[in-house]
Amino acid sequence: MISSRRDFIKTTAATAAALAAGPGLRFEPAAQAVTAPGADPLVLELAAEALDAARSTGASYADVRVGRYRRQSVGTRERQITGVSDSESYGIGVRTLVNGCWGFAATSVMSRPGVRQAALEAVSLSKAARAVQKRRVELAPVMPVAGTWMTPVRRDPLDVPIDDMVALLLAANEAALKVKNVRFVSSGLALLREVKTLVTSEGTSVTQTMIRVGPSFSCTATSGSDFQTYEAELAPRGLGWEYVESLDLPGNAERWASIAAEKLTAKSVEAGQYDLILEPTNLWLTIHESIGHATELDRAIGDEANYAGTSFVAPPEKMLGQLRYGPAIMNVQADRTQEGSLSRVAWDDEGVPADRWLLVERGIFRDYQTTREQVARIRKLTGVTRSHGCSFAESWNAVQFQRMPNVSLLPGAADIGVADIVADTSRGVLIRNRGSWSIDHQRYNFQFSGQAFYEVRNGKIVGMLKDVAYQSSTPVFWNSMDLIGGRSSYWMGGAFNDGKGEPSQSNSVSHGCVPARFRNVTILNTARSA
Amino acid sequence: MRHPSTPAPENPRTQAPENPRTRDASSIGAPLLSRDDARALTARVLAFSAADQTRVTVQSRWSGNTRFADGSITTSGGTADTTLTVWVTFGRRRASSSTNVLDDASLKRTVDLASRLARLAPEDPELMPELGPQTYTTVDAFVAATADLDAETRAAAVERAVRAATEAGKPAGAIFTAGFLEANAVAVAVATSNGLFAYHRSTEADFSVTSRTPDGTGSGWAHGGSRDWDAVNAAGIGRMAAQKAVASRNPQAIAPGLYTAVLEPQAVTDLIPLLAGALNARNADEGRSAFSKPGGGTRIGERVVDERVTLYSDPADPALRGQPFDAEGLPVGRVVWIEKGILRNLAYSRFWAQKQGKQPTGPPQAGGLALTGGTKSTEQLIADCARGVLVTHFFYIRALDQRTVLQTGLTRDGAFLIEEGRVTRALKNFRWNESPLLMLNRLEDIGRPEQTAAGRLMPALRVRDFNFTSLSDAV
């Protein structure tokens, strides 16, 4: 990275603040037991061939990504298996810049002629794009780098025998089925190992191995006239098999199932204004939708206008350092280095080193998420001359573009937990786990539900509720936050399937947060019969 | 205020002069698998398997796309890939493995891995044997003009759309335009060790444009989709997006509540497939569906929506041109889900059909989806409306309650007030909580079905008491 002194000071100050507040994970993985593999010599040879073809036909810049994705999934319902599958995908994507226009081509034909043809196709796409060009692409500088990195894991989940996985899931299902009225259970595991080599015409050559695990568990209780489902919030993580074991699905399933059964007799909520207490298992997704997506620079400048939408955090010149996102207790950090998180890497898909910076500092909006080509759009406003390293593609066959890093609400100064927040609340609703979620295309109006809802009266939980959703507008909602948990109440949720872009691509991202209270939020009753 | 209508196709001279995808000289990767190639490849894989039963599915795909924003192409891509999946069965144990590396060594590894996984998997009491030879309807869903859509032709179409949008947007100043053009060509094959072989190829072209006015108060969107690129009018789509943007400026807030809504065909296309997703027979039999009968069984034979509504899938319908088989190679034919308001069918898997003594249908949308029952244009539905809300399309729809198929979502890119049969002003966007199932019981009128995307035939609808629940500041 080549950075100015001003950039260095700014980044250092922000990082120091973030680190000071930065919490640890509840789950602490042991030291890495699997070492990072280097690049396959054939991959480097094919990458060199593609780069040579791109440069010799006019590309001023080119990058080549070779990816090998191995995915495994196991699904069950009640006492049986619904599917066991394993998949492998291997190929190369070539991105070229000619006259300031991008072109991208990808192929699974992994031979010298195959990758050469892909490079030539990318160059011809770059040339064709010139017919519709108002702005030339300008890339922020990055220091060429060589290296390898791997998600720290004690046990690679793809080395775990399939019957061990099935046994774990069926034991959890069995425990859940013991609970009265619980008739349906489904559980599953999704495992990924991604090996990615990036080689650029500027001299970067890095190989990274990313490991991710995603467990799931859901159960349904029925009575003659009603059915109610409870989904456990089992956060997917960038961790090994040891994380799946630590969740103890068989030991927790009966408790989860009894929540589904209890929902059958829960009181239907009375719609109105309540103080809302969100546990981290619910709040992480609200952060994702109302802060994570709203602070993506591609939305702010209109690149996503036709699909995922734009953002209310625009235009940048009227927002940076000026927008009051929330109260002074609100600090929101973007981070690609966090242990166990889904978007943790060493370098992004442009070879930019992983970064950590504040998006919101003491309630004020400070910075966006950026890639190399986006830096010039806000450099004069932020003084930041480096990319924040947010360029990613879901696969070798997709072009990299701006994707969300882990975006997290940092803990408050006082180390309080959800019990303390409940004790301080006279009339409220407490929500656990994510339910239905929806937000508008500029990230204002949202409506979220949950999996378990509780009525709070005079500092105590007095009973269970159902049919609950909360609806608000982002700036109003965050400015109504008046109490947040401390370090020991921090928890990190996440998802594999954050969609954006055309063609649509999935991104894996985590969000850490603490429980928080929001004053006078609209609660809806979602039961409907006509 | 005039309501912009669906653009008619341009002159088909937009077709590419060369046909790289339909000939051997493909620009990237291998050309799309032919029927003979697919038969040879699947036979090779079946020969590697020593299992009791084996199924091989192959998907060979080419995709070309061009994305643009603010007057510049932002990304442009071409990809080619072929993925093969092997399903291996020993007794009642089954597992699958897939790869896109198609040399013999990799294919053998894939068969071996699936075999290993299958031996480790527990017995599946619901396992159905692989199918033997079947007879399929021939569906011609492959159009060369789409499969051959190259980067220059795509860029030229984008240029026409941007020019048309810029011209139509002039009343609002320098209009911002973004959009996406994608062409896909796909070949799918299924083969089993019991002698089944199925092959189908199809194309799909989609073009969408969003225009935003420079004052930030207006946004419009238009879309065209078809198996045939020549049926997509790029300039017309650009023009309509800009006209909508201009018309939607300075939206006014009206109190959220129950309003008559005129849903344009694209808005109906956003909602109705969610109803099709609720047509699962097993969930209904198990008492966890909107189509469960209280006390047990399903609601087949009952009137579930307005008696003018018919909902069906039919791969052979020339307006749908769907795939005539599912992932197991089961033939997919015409299935009428709802006929004149009566629930006639639910989607039965092979296992559940056997258990319940029914015919298996395949997944509910395998053969495309059509909602019919009306003949009027969108303009007539507006003209017959005393007071209501006109909706261009919806955004971020998510399920709220499976018991009623209740959904939540937002209006986007043009919501307008209708008064005395005319569109009178732009409205702020709404969040709504509504069910496609309940909504079809409050139907005032049905429009003429239009092709809104490949495999989708949907009309405009006028619905009473559509539940708009809150206002959105989003433009």
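In this predicted model, helix α4(B) meets helix α5(B) through B:A157, B:R160, B:A161, B:V162, B:A164, B:A165 and B:A168. On the α5(B) side, the partners are B:A234, B:A235, B:I237, B:G238, B:R239, B:A241, B:A242 and B:Q243. Here a contact means that two C-beta atoms, placed from the backbone, lie within 7 Å. Helices (H or I, at least four residues) and strands (E, at least two) are DSSP runs, numbered from the N terminus.

A quick word on bookkeeping: residues are numbered from 1 along each chain as its sequence is written, and chains are lettered from A in the order in which they are written. Local features need pLDDT of at least 70, side-chain atom pairs count only at pLDDT 80 or more, and totals for chains, interfaces and linings use all residues.

**Helix α4 of chain B**
- The residues of its contact with α5(B) divide into 11 nonpolar, 2 polar and 2 charged (Ala, Val, Leu, Ile, Met, Phe, Trp, Tyr, Cys and Pro count as nonpolar, Asp, Glu, Lys and Arg as charged, and the others, Gly among them, as polar).
- The axes of α4 (residues 151–168) and α5 (residues 234–247) of chain B come within 7 Å and cross at roughly 30 degrees; axes are lines fitted to C-alpha atoms, for helices over the stretch in contact, with angles from 0 to 180 degrees between N-to-C directions.
- That crossing is right-handed, meaning the near helix is turned clockwise from the far one by less than a right angle.
- α4(B) has 18 residues, and at 1.5 Å a residue they should span 26 Å, which agrees with the 26 Å between its end C-alpha atoms (the expected span is 1.5 Å times one less than the number of residues).
- Among the buried residues of α4(B) are B:T153, B:R154, B:V158 and B:V162; buried means 20 or more other C-beta atoms within 10 Å of a residue's own, exposed means 12 or fewer, and partly exposed is in between, with C-beta atoms placed from the backbone.
- The buried residues of α4(B) pack against α3 of chain A, as well as β1, β2, β4, β5 and α5 of chain B.

**A helix pair in chain A**
- Helices α2 (residues 41–56) and α3 (residues 112–129) of chain A pack at about 35 degrees, with their axes 8 Å apart.
- This one is a right-handed crossing too.
- The α2(A) side uses A:L46, A:E49, A:A50, A:A53 and A:A54.
- By class, the contact of α2(A) with α3(A) has 10 nonpolar, no polar and 3 charged residues.

**Where the chains touch**
- The contact takes 69 residues from chain A and 79 residues from chain B.
- β2(A) gives the largest share of chain A's side, 10 residues.
- Chain A's side has 30 nonpolar, 29 polar and 10 charged residues.

- A:S186 is in strand β5 (residues 182–200), and counts as partly exposed because it has 19 C-beta neighbours inside 10 Å.
- Beyond four places in sequence, A:S186 contacts A:T76, A:R77 and A:S218.
- A:V269 is in the loop between β8 and β9, and counts as buried because it has 20 C-beta neighbours inside 10 Å.
- The C-alpha atoms of A:V269 and A:E455 are 8.7 Å apart, although 186 residues separate them along the chain.

**Confidence**
- Chain B has a mean pLDDT of 93, and 94% of its residues reach 70 or more; pLDDT is the predictor's confidence in each residue, from 0 to 100.
- Over residues 11–26 of chain B, pLDDT stays under 50.
- The predictor gives the complex an ipTM of 0.90 and a pTM of 0.93.
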